[in-house]
Amino acid sequence: MHRLFIAALRAGIAAAILVGLFGQIVVIPTTAADEVDRFPPYAPFATPYVTLAIIGVACVQVALVAVWMLLAMVRRGAIFSPLAFRWVDIVIGSSVVATLLAMGVAGHLFVADIPSPDDGMDELSALGAAITSVGVGAAFAMLTVIMRSLLRKATDLQTEIAAVV
């Protein structure tokens, strides 16, 4: 893979991790506090949802670090090694955890009686976003599992060719 392409991907990953960190430290807690100030009945839900949002962003950051490590392996020409499977498994695991968190939030939003300042559209929108996150997370995890199996086949083929040569 071209070095410039890897450098550009790494810059994007670093930027995404930093933006996620800013979101975890500033955006998520501030937004939750603003919503509680605007509508005090949200107060009991603020801490658990802020915690879950921060953990969800952390799952994305863990996956990005794993992709960074996989890029380093590609640059060294060592992507067809057992270590690559560990990093791919980390991507799969973090996406499954994030998907399960979103599923829990969707379930809670579906059954809980959360007060709404207007006509309930805020809760309905949050439920829609959580269900969409579950769908996207599950699709990403399944796609990554398929890509892992393709990496396994490619690794086996490379090992077989190396034995022949």
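Select Ser94: its relative accessibility is 9%, so it counts as buried (under 20% relative accessible area; exposed is over 50%, partly exposed in between, with a 1.4 Å probe and protein chains only). This is a predicted model, in which local features need pLDDT of at least 70 and side-chain atom pairs count only at pLDDT 80 or more, while totals for chains, interfaces and linings use all residues. Residues are numbered from 1 along each chain as its sequence is written, and side-chain values use heavy atoms, with hydrogens and water left out.

Next, show what surrounds Ser94. Leaving aside residues up to four places away in sequence, Ser94 touches Cys59, Val62 and Ala63 (contact means heavy atoms within 4.5 Å). The side chain of Ser94 also reaches the backbone oxygen of Cys59, at 3.5 Å.

Now select residues 82-111. This is helix H3, where Ser94 sits (helices are DSSP runs of H or I with at least four residues, strands are runs of E with at least two, numbered from the N terminus).

Then colour the ranges 49-71, 83-106 and 126-146, which an unreviewed UniProt entry lists as "transmembrane region"; such annotations may be inferred rather than shown by experiment. Residues 49-71 are 100% helix, with end C-alpha atoms 33 Å apart. Residues 83-106 are also 100% helix, and their end C-alpha atoms lie 35 Å apart.

Finally, zoom out to the whole chain. There are four helices and zero strands. The C-alpha trace spans about 70 × 30 × 20 Å along its principal axes. Of the 165 residues, 30% count as buried.

Technical notes. A polar contact is a pair of N or O atoms within 3.5 Å; within protein, one must be able to donate a hydrogen and the other to accept it, and residues adjacent in sequence count only if both atoms are side-chain atoms.
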